[in-house]
Amino acid sequence: MKTPPGAGSSATGSLPRSVHAGYALGSVATGAFGTVPGLLLLPYLTDTLGVAAGLAALLVLLPKAWDVLVNPVAGRISDRTRSRWGARRPYLLVAGLALAVLFASIFAAPFGNGSAAAAYVAFAFLATATAFAFFQVPYVAMPAELTDDYAERTRLMTWRIAVLALAILVSGAVAPLVVGAGGDGVAGHRWMGLFVAALIALGALGAFLGTRSAPTGTVGESEPTLRAQLAVAGANRPFRALLICFVVQSAGVATILAGVNYFAGQILRDDRSGPTLLFVCFVGPALLVMPIWTRVGARLGKRTALVVASLILAVGAFALVAAPVLPPVAVYLVVALIGVGYAGQQVFALAMLPDCIAHETARTGRRQAGVFTGLWTAGETFGLALGPGIYGLVLQLSGYVSSDTGSAAAQSDTARLGVLLGFTLIPALLIAPPVLLLRQYTLTAHSDRVDHGVVLGDKALTVTRRAPYLHDRREQG
């Protein structure tokens with residue numbers, strides 16, 4: 001297939017730092033959208049618009065579940081795109097800016113409270129999720145085409161996850177403060193929507209401009225139907241195992257995010273500063289331990305490091321069951337431990353995805369990054385949507401009382417128990433067991449020269465000139 005106009009071949013060596021930073025800026029947009037709805041949309045519906053917890057859970061879940069269908073379509077369309085900017089970059093600009101505008105509309109509340117307001121939120125959230133699909137899928141597909149170097153993909157992911165952690169910290173910690181500064185209720189959420197929209201626009205423009213000098217690679221033909229895409233992905237055993245594991249774990253992480261406001265208000269009894277402190281403790285350590293996780297990955301391999309990080313995350317979540325009898329400082333320290341596990345879980349899962357794509361290219365001779373990232377982001381989006389849905393269902397079953405005043409109503413002991421278990425035990429059960437699936441994650445080399453390096457700081461440990469069809473023993477643990 002011909003290379004698109006303006007596209008070069010994939011780089012085989014190191015990319016410039018400017019490309020690392022430029023590509024990573026896209027995570028400001030993905031981090032903000034991936035965090036704030038999961039954090040604030042459910043309590044916005046239950047405690048500001050007065051929507052029952054069970055219905056609110058559906059309103060949060062269904063629009064993003066729609067992305068399970070839209071994301072593969074976005075991947076297929078971007079695979080087929082030919083432009084002077086390459087196949088992916090046009091979507092960073094157009095879909096990114098649309099995402100910013102539509103996000104602000106979610107919290108505009110033109111109908112006040114009640115059923116009309118709930119329906120409006122569902123429609124606006126659906127439109128925003130669709131725009132996000134057309135931004136995220138091309139964005140996640142880019143690393144497999146920016147470079148063919150195994151270690152360089154890990155380096156790209158390290159930059160990306162560092163910026164993602166910072167975006168989650170800023171958006172997740174500051175957004176509740178903006179709501180409070182804006183007067184709480186509908187007015188405060190409107191200001192918050194504008195603030196997060198500005199972050200999304202900044203990330204989209206940064207990624208578009210920052211990757212203008214990067215090689216765009218050669219995009220192969222994509223599968224014509226969703227069924228064909230599923231068949232391709234199903235035949236890739238490492239991808240299948242990694243995807244299922246990550247989707248279920250994403251649901252667990254999203255359940256934690258959905259419960260932050262409820263946990264801070266009902267368990268810590270601090271609905272003002274509690275959500276912000278929880279986020280600082282959750283994301284702050286991730287910025288500090290990223291170099292450590294890089295070294296762990298170099299020593300153990302990505303798969304084993306992902307297992308270790310996931311178990312740390314799950315054990316930390318389970319330990320918070322004791323939060324009602326722990327002093328607040330102990331609770332925040334445990335949340336910091338969860339953040340350490342979360343950082344590793346994210347960086348290694350996302351670093352293993354391009355390896356699966358490269359494995360498929362070596363196996364079949366066809367580069368279909370859009371197919372795999374479309375299915376990946378569809379699964380991730382569904383997991384992130386499922387988390388608030390699970391949490392809302394737990395609230396409904398435990399008898400949580402909604403409010404239309406902008407403040408949470410007084411809750412029974414049973415409801416407070418639901419708040420606690422939804423934030424601790426349920427996420428732990430969603431995060432730990434899926435690591436067993438990673439026993440099926442094995443990569444096979446199909447070329448005479450395969451780079452199996454894992455980044456260690458600015459250097460890469462590489463093994464070259466491996467025999468064809470030889471398994472990477474480091475990745476098999």
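How much space lies in the largest pocket? About 580 Å³. A pocket here is an open set of points on a 1 Å grid over the protein atoms alone, with protein on both sides within 12 Å along at least five of seven lines. Volume means the space filled by probe spheres set on the points, and grid points are joined across faces, edges and corners.

Ground rules, quickly. This is a predicted model, where local features need pLDDT of at least 70, side-chain atom pairs count only at pLDDT 80 or more, and totals for chains, interfaces and linings use all residues. Residues are numbered from 1 along each chain as its sequence is written, and side-chain values use heavy atoms, with hydrogens and water left out.

Back to the pocket. Its lining has 23 residues; a lining residue has an atom within 4 Å of a point. Nearest the centre of the largest pocket are Asp 184, Asn 261, Asp 271, Gly 406 and Ser 407. Four helices each supply at least two lining residues: H1 (17-47), H7 (150-181), H8 (185-210) and H10 (237-266). Helices are DSSP runs (H or I, at least four residues), numbered from the N terminus. By type, the pocket lining is ten nonpolar, nine polar and four charged. Nonpolar covers Ala, Val, Leu, Ile, Met, Phe, Trp, Tyr, Cys and Pro; charged covers Asp, Glu, Lys and Arg; the others, Gly among them, are polar.

Now the cavities. A cavity is a set of points where a 1.4 Å probe fits but cannot get out. The whole structure has seven of 30 Å³ or more. The largest cavity has a volume of about 240 Å³. It is lined by 21 residues, with Thr 30, Gly 34, Gln 346, Glu 380 and Leu 384 closest to its centre. Two or more lining residues come from each of H1, H5 (115-141), H7, H10, H13 (328-364) and H14 (369-397). Which helix gives the most to this lining? H1, with five residues. The cavity lining divides into ten nonpolar, eight polar and three charged.

Next, helix packing. Stay with H1. H1 and H4 (residues 89-106) pack at about 15 degrees, axes 12 Å apart. Axes are lines fitted to C-alpha atoms, for helices over the stretch in contact, and angles run from 0 to 180 degrees between N-to-C directions. H1 and H4 are therefore roughly parallel. The cut-offs: under 35 degrees is roughly parallel, over 145 roughly antiparallel, 65 to 115 roughly perpendicular, and the rest oblique. Phe 33, Val 36, Pro 37, Leu 41 and Tyr 44 of H1 meet Leu 99, Phe 103 and Ile 106 of H4. Contact means heavy atoms within 4.5 Å. That H1 and H4 contact has eight nonpolar residues, no polar and no charged.

H10 next. H10 and H15 (residues 413-423) pack at about 140 degrees, with axes 8 Å apart. So H10 and H15 are oblique to each other. From H10, the contact uses Thr 255, Ile 256, Gly 259, Val 260, Tyr 262, Phe 263 and Gln 266; from H15, Arg 416, Val 419, Leu 420, Gly 422 and Phe 423.

Last pair. H11 (residues 274-300) and H12 (residues 302-319) pack at about 130 degrees, axes 7 Å apart. H11 and H12 are therefore oblique too. In H11, Trp 293, Val 296, Gly 297 and Leu 300 meet Lys 302, Thr 304, Ala 305, Val 308, Ala 309 and Ile 312 in H12. That contact divides into seven nonpolar, two polar and one charged.
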